[in-house]
Amino acid sequence: MAAENNSSSAQATDSALPTALRLLASVFAREADQPLLDQFIARRDELTDVLGRDPLGALTADNALEALAVEYCHLFIGPKGHLPPVESIVLGEGQLWGPSTEAVVEFYERCGIASRSDERTFPDHISMELDCLAMLEETDRHAEAGNFAHLHLLRWLPGLLAHVQANASLAFYPAWLEGLQATLADEYPQTDK
Amino acid sequence: MTKDTKITNPAGNKHDEDVGRRVAVKAGLLAAVGIGSGALFHGLTSVARADKAPRSTSGPKTQGQADPDIGELARADVDGYAGRTGEKRVGVPTTCMQCIAACGVIGYREKGRIVKIEGNPHCPNNRGMICAKGQAGVNQVYDPDRLLYPLVRTGKRGEGKWKRLSMKDALDLLAFGGEIAGRKVDGLKTIYESDKPQEFMFHYGRSRIKNAMNHFQKTAFGSGTQGNHTSICETAKWLGNELTMGKHYDVNDAAYSKYILIFGANVLEAHTSHSYIAQRVIEAKAARAKIVTFDVRLSNTAAKSDEWVPVLPGTDLAIILAMTNVLLNETVNGKVLYDEAFITKWSNVTIEELKAHYARYTPEWGESESGVPADTIKRLAIEYGSNKPSSIITYRGFVGHYNGAQAEWASKTLDALAGNFNVKGGITTKLGGKCKDGYNDKAAKDHADLTRKAVKFKISDGDDLHMPTHHSCQWIHEMIAEGSHGRPKIYMTYVYNGAYTTGDCQRNREILCNEEYIPFIVAVDVAMSETAACADLILPDATYLERWAMESAASYAQKKFVQIRQPVVKPLGESMDMQDIFIQLARRIGGGINTLHPYDTAEKYVRTCVELQTADNAKSGKMFYDSNDQPLKSDPWEYFKRYGVLLQGNKPSYNTHAKAVSAEGKTVDAKTGVVWDPHKAHVSDTDVASKGYTGSKNAYKGYVGQQIDGKTYAGFKPDKFNKSGRFEIRSGFMPSAAEKVMADIKDFLTPEEAPWVAEHLKSGLPSWVPVPEHRKRTDKQLVMISFKVNVQIHSRSQNCKWLQEVYHTNPAWLNPATARKMLGKGVKEGDLIRIKSEMPELPWRKGKGSTSVSEITARVHLTEAIHPDAIAVSYHCGHWAYGRYASGNPVEVEGGNTGAEPAGENIWWQEGNKAAKDPTQWSEVAGVHPNWIIPNTPARVSGQFRSNDTIVSIAKA
Amino acid sequence: MSISRRNFLKGAGVAGAAAASTAVPGCTGTRETNKPGDGPRYGMVIDLRRCFGCHACSIACKAEQDVPLGRFKSWVNVSERGSYPNVRRDFLPVLCNHCDNPPCVSVCPSGATWQRKDGVVMQDDEICIGCKYCIQACPYGVRYTDPKKKSAEKCDFCVHRLDQGVLPACVNTCNARARVFGDLNDPDSAVSRLLASTPVQSLRPAMGTDPRVFYIGLDQAAAKPVKKQSSLLEA
């Protein structure tokens with residue numbers, strides 16, 4: 001656990017980290033919906049400060065929904081030049097539901113976690129892996145969360161980030177992904193070997 | 001917040017240099033949490049911790065069957081086995097759909113993932129063996145580019161800009177209409193409730209859900225505007241079957257043949273029944289049958305044959321006619337080679353008539369047309385006629401020409417003359433199993449008042465064709481563009497990739513992308529095909545390994561059976577079986593169509609089919625048998641799910657035409673001897689009296705049998721038109737084609753030929769028709785043909801990485817002597833060449849006979865294994881969509897992660913090769929598609945796509 | 001073949017013979033498989049008269065053995081000869097020969113490669129140190145380095161299936177029934193009956209490896225030198 005923060009910040013960390021992780025998961029789980037975007041637009045300056053860059057750029061309340069839906073599809077769904085944000089693809093296993101996906105499912109099982117029965121998202125989707133971290137954090141299993149982060153999400157996040165940075169036409173997803181990476185780096189630092 | 005603390009940066013993000021900002025990000029995000037995003041993502045849930053089952057080092061001894069010819073160990077079976085890691089694999093029998101052969105397979109699921117496919121030993125056709133394509137089926141499920149979510153376009157059609165919709169919103173859009181890229185479109189409900197239901201068009205490619213599809217579209221919705229894909233491959237062949245033996249398929253009982261002639265059919269690499277006809281041809285070979293293959297190339301089938309006879313494309317018909325002449329005139333040891341008894345009793349000609357008609361088709365004449373030496377024609381015909389049972393296998397190399405239907409008609413005639421029909425080791429009419437249909441036999445009957453009589457726009461049959469009994473799908477785009485027969489408002493494609501699989505691809509795309517022609521295009525598929533790329537709305541289909549169906553294939557075991565298709569794994573992402581999409585649409589449209597869809601799932605429908613058939617068996621005395629040919633003792637549905645098949649016959653059946661049938665209560669047509677039920681065919685009594693069987697519309701639907709010499713037999717059952725139950729060699733349906741055909745070909749005939757060719761066309765007997773444009777081919781031109789290879793199917797397997805690895809480019813096969821002549825003496829293997837279409841225009845197609853793009857580039861493969869006047873380009877390659885493996889368009893990311901499997905140094909797209917920007921140009925990773933320069937102009941008689949007729953010139957690029 | 005490699009193999013042969021007597025730990029050594037009466041000795045006969053080069057075996061193996069792209073444990077060589085119209089094409093499925101005198105076993109320094117009594121030459125990817133001596137030593141090019149694990153990999157006759165009484169994946173799927181598999185020590189087995197009745201050949205007999213994969217109808221001229229994995233996909 002990062003010991004560099006001041007203590008009041010650390011207290012805030014403990015209780016709100018799961019929610020923060022879920023917020024990040026929500027940004028990547030599916031296209032941003034209007035309520036979320038309205039909030040982001042309303043608190044744009046705050047977000048810019050938080051993320052270190054303005055995630056919205058020229059986007060307004062009128063055009064953000066559509067523009068981001070197109071961008072999400074372009075980066076993560078298809079048809080060309082996209083990278084599904086799932087571990088097995090980004091790690092180069094060349095298929096959906098690869099060995100990594102199985103390893104993730106096994107990790108979930110050992111932790112008493114499983115996909116919801118109505119959930120069609122892949123277990124190794126970035127949103128699911130973030131949700132896993134959130135569930136572990138909110139049940140005080142920070143060490144297991146760190147374990148999961150290093151075994152899985154942190155291994156492929158750089159590859160996903162490189163793709164998003166290279167191929168995004170808007171600032172939104174690079175900004176959030178960079179923020180995500182920074183958060184994880186802070187929360188689950190690499191221990192020197 | 002401290003700004004000077006060192007924190008290691010495992011991500012190495014070069015943008016994130018301000019160490020303190022990281023802390024701020026976290027803290028800031030915590031504040032941002034107050035943003036009140038109430039519904040934060042929650043994809044996981046707590047469950048009881050599972051104790052990890054101890055890994056076994058070996059699995060249970062399987063109960064499978066051994067095949068004594070190959071060893072004492074058992075074949076993998078439905079009980080499953082343990083994989084390399086010791087994990088148990090559950091076996092789920094199902095039916096392959098990598099091609100149309102529909103082999104019985106077993107999908108093996110390990111830890112929730114399908115990992116292996118084997119042949120199902122219980123399936124009488126393929127008996128536990130499958131081909132490379134079947135083995136690669138797992139690649140379809142986990143293809144990284146697989147369509148998993150509905151998409152709606154946001155830019156212009158074909159621009160490639162999409163956004164995702166939920167399945168609910170996508171189905172709402174299709175059912176109720178809405179807005180697409182700023183334009184309003186009507187939905188299905190509006191069309192259903194209008195007086196023009198035919199404005200809903202459904203165009204299917206590889207659909208194995210015919211009953212569900214016809215029920216939804218025709219019976220319930222009332223639209224008959226349907227497209228298929230048959231003419232891309234073999235509509236000419238089916239017409240040839242229908243003129244003579246009746247309903248397709250023809251089945252070569254090869255395992256027991258003593259002599260097999262193969263014309264333009266590559267059974268060891270392809271064919272409608274690929275795996276299981278290939279198995280049986282090899283069995284014949286092992287039993288010392290002689291196999292002779294006529295082909296433009298030394299295909300792998302030709303390579304395993306005893307003789308390869310090179311053929312000039314489109315001249316197979318001449319060889320067949322000449323061989324028939326030989327069979328009629330030669331004797332061996334004083335015995336004739338033809339089966340006079342069969343011709344006399346079952347056909348509608350006499351030997352004398354045939355001898356007179358075939359007199360001019362001498363082996364010498366055959367040589368003059370085909371280049372095959374007269375002696376060879378004569379020798380092979382005599383061998384074929386004196387080593388019985390024999391048969392002729394034909395396919396697309398034989399029929400994919402202007403004269404394809406005529407060739408098939410002549411070939412079936414030759415087999416009949418030789419006495420090969422319906423005998424063991426000969427050629428038989430198809431036996432296919434069937435269960436009662438839960439839709440049209442039950443749901444429609446329960447609510448007959450809600451069913452509709454389907455009305456259609458006449459756009460599927462080309463224009464001014466003679467008898468396109470299986471339609472002319474490659475001309476549908478032109479018919480829509482021309483518009484005088486109507487245009488669909490909603491054009492829905494289902495696993496149909498017409499933009500790519502037909503010719504003149506540029507023109508296809510132009511028409512599809514024109515929003516004025518078709519307001520709303522919906523594509524249902526597993527991959528972003530070239531056609532889906534031109535759509536407005538895309539629905540992700542479930543792969544064949546994730547869904548249900550009642551399956552049936554032509555039985556090469558000569559006994560009927562049905563096969564199950566059932567999910568090995570649940571559909572990935574939001575993909576949905578088309579049958580379930582139909583149900584969801586019916587629910588939304590409401591009214592009659594909703595009531596007519598009583599099953600909530602496709603599983604329920606398939607189960608109902610089995611239950612209905614079980615009830616019918618009890619009434620009719622028919623039975624189900626198990627895979628050991630024993631009467632089935634257990635519950636049929638449970639047996640079906642466990643073993644994958646239900647047999648409906650337990651011994652091989654031959655001579656089916658000679659089976660006695662009852663004429664009781666039926667009408668006997670005096671003129672033809674056909675015994676039929678006019679009421680079943682909806683023919684009025686007045687028409688029966690005035691028009692008789694032959695003249696009454698769709699009378700064939702009431703066919704019962706054929707009366708010959710006072711007895712009624714099953715005969716050769718007609719299909720699509722009112723052929724009698726005889727094996728018709730003389731056709732009453734062909735003389736009326738003479739005028740159209742002569743109009744096409746007269747400018748290409750010599751003055752000596754024209755009169756007798758015209759006379760023969762009117763005779764109603766199989767006769768010579770050249771591929772007209774080939775008569776004008778100069779010695780600077782070649783005929784371009786297309787072909788298949790063993791690891792690919794036409795267009796749907798190139799997303800399978802294991803197959804694509806073996807074959808991903810399609811160099812043009814060229815004879816080295818030809819290459820030196822046309823490209824210069826320095827020509828080398830792999831040189832880049834230009835292939836230019838120079839197809840003369842037929843008068844009938846003036847202005848519409850050529851292609852928008854006339855030239856492609858390709859690398860050349862110099863090989864002695866091809867006729868010197870031909871150039872062969874397989875049509876598997878040259879995708880410009882269909883995902884990264886097919887098109888060679890991986891994601892380019894710094895650090896080299898392409899999103900596809902990188903592995904070591906042999907990955908084809910990592911050799912620095914890129915997909916071509918212009919898909920008409922050769923790509924080192926994806927080859928080039930020949931269809932750009934193949935015209936869509938249908939063959940006049942059948943509507944066949946002429947994939948093997950294009951005249952081209954070549955030059956160094 | 002380079003001179004140095006030839007010398008290496010000569011040396012390997014000598015070392016192999018020596019290794020047999022010094023019993024390298026983990027190795028059963030060479031020529032120590034079951035003799036008739038002691039137990040089974042697995043082998044395969046491939047009838048090239050039947051094989052039509054469909055690659056079902058190549059892909060079945062890919063799936064069953066988890067083989068990455070760019071590598072094959074079983075492959076089909078295709079060769080063409082003649083001049084128009086007298087042309088022939090030959091198909092040659094190639095896999096590990098599970099030799100009775102396997103050079104790979106002799107040279108393995110870590111014992112990761114060893115041979116079972118029933119003749120299956122095994123490969124343990126956890127012990128393997130990735131030195132590639134075995135890849136060099138094999139005259140058939142049927143071994144490769146796994147790009148992720150860095151260990152040597154090869155066909156193991158689907159030994160996990162054999163132990164359950166199930167045919168190897170390549171044999172199971174072969175549409176030509178060209179592959180026959182079983183116990184060479186059992187005179188009534190399908191393989192033994194074939195060997196007793198039909199002339200067979202093996203690949204590169206001069207290498208002294210004593211292969212246990214036999215071919216019917218092997219045309220040595222058509223059996224072009226088996227290539228390294230990196231060139232398997234060349235036309």
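Two strands count as paired when DSSP finds at least two bridges between them. By that rule, in this predicted model, strand S20 (residues 490-494) of chain B pairs with strand S21 (residues 520-525) through five bridges, and the two run parallel. Within that pairing, Tyr494(B) sits opposite Val524(B) of S21(B). S21(B) also has a parallel partner in strand S22 (residues 537-540) of chain B, this time over four bridges, and here Val522(B) faces Leu537(B) in S22(B).

S21(B) turns out to be mostly covered, with six of its six residues buried. In a regular strand, side chains alternate between the two faces of the sheet. For S21(B), both faces are covered: Phe520(B), Val522(B) and Val524(B) are buried on one side, and Ile521(B), Ala523(B) and Asp525(B) are buried on the other.

Val522(B) shows up again in the nonpolar packing. The largest nonpolar core has 403 residues, and Val522(B) and Ile871(B) are the ones that touch the most other members. Leaving aside residues up to four places away in sequence, Ile871(B) touches Leu782(B), Met784(B), Ala812(B), Trp813(B), Leu814(B), Ile835(B), Val952(B) and Ile954(B). There is also a second, separate core of 10 residues, with Val674(B), Tyr693(B), Ala699(B) and Tyr700(B) among them.

On the domain level, chain B is assigned domain 1 (89-141), domain 2 (151-233 + 434-647), domain 3 (250-429) and domain 4 (770-957). Domains 1 and 2 of chain B have C-alpha centres 23 Å apart, and their contact involves 21 residues of domain 1 and 26 residues of domain 2. On the domain 1 side, the elements giving two or more residues are strands S3 (88-95), S4 (104-110) and S5 (113-119) plus helix H3 (137-141) of chain B. S3(B) supplies the largest share of that side, namely four residues. By residue type, the domain 1 side splits into nine nonpolar, 10 polar and two charged.

Then there is chain A, with 10 helices and one strand. Along the sequence, the order of its elements reads α-α-α-α-α-α-β-α-α-α-α. The C-alpha trace of chain A spans about 45 × 45 × 35 Å along its principal axes. A compact globule of 193 residues would have a radius of gyration near 16 Å, so the 17 Å of chain A agrees with that expectation. Buried residues account for 58% of the 193 in chain A. Of the chain A contacts between residues at least 6 apart in sequence, 60% link residues at least 24 apart.

Definitions and conventions
Residues numbered from 1 in each chain as written. Chains lettered and ligands numbered in written order. Predicted model: local features only at pLDDT ≥ 70, side-chain atom pairs only at ≥ 80, totals over all residues. Domains from an automatic or database assignment. Contact = placed C-beta atoms within 7 Å. Nonpolar A, V, L, I, M, F, W, Y, C, P; charged D, E, K, R; others polar. Buried ≥ 20, exposed ≤ 12 C-beta atoms within 10 Å, placed from the backbone. Core = buried A, V, L, I, M, F, W, Y, C linked by C-beta atoms within 7 Å. Rg over C-alpha atoms; globule rule 2.2 N^0.38 Å.
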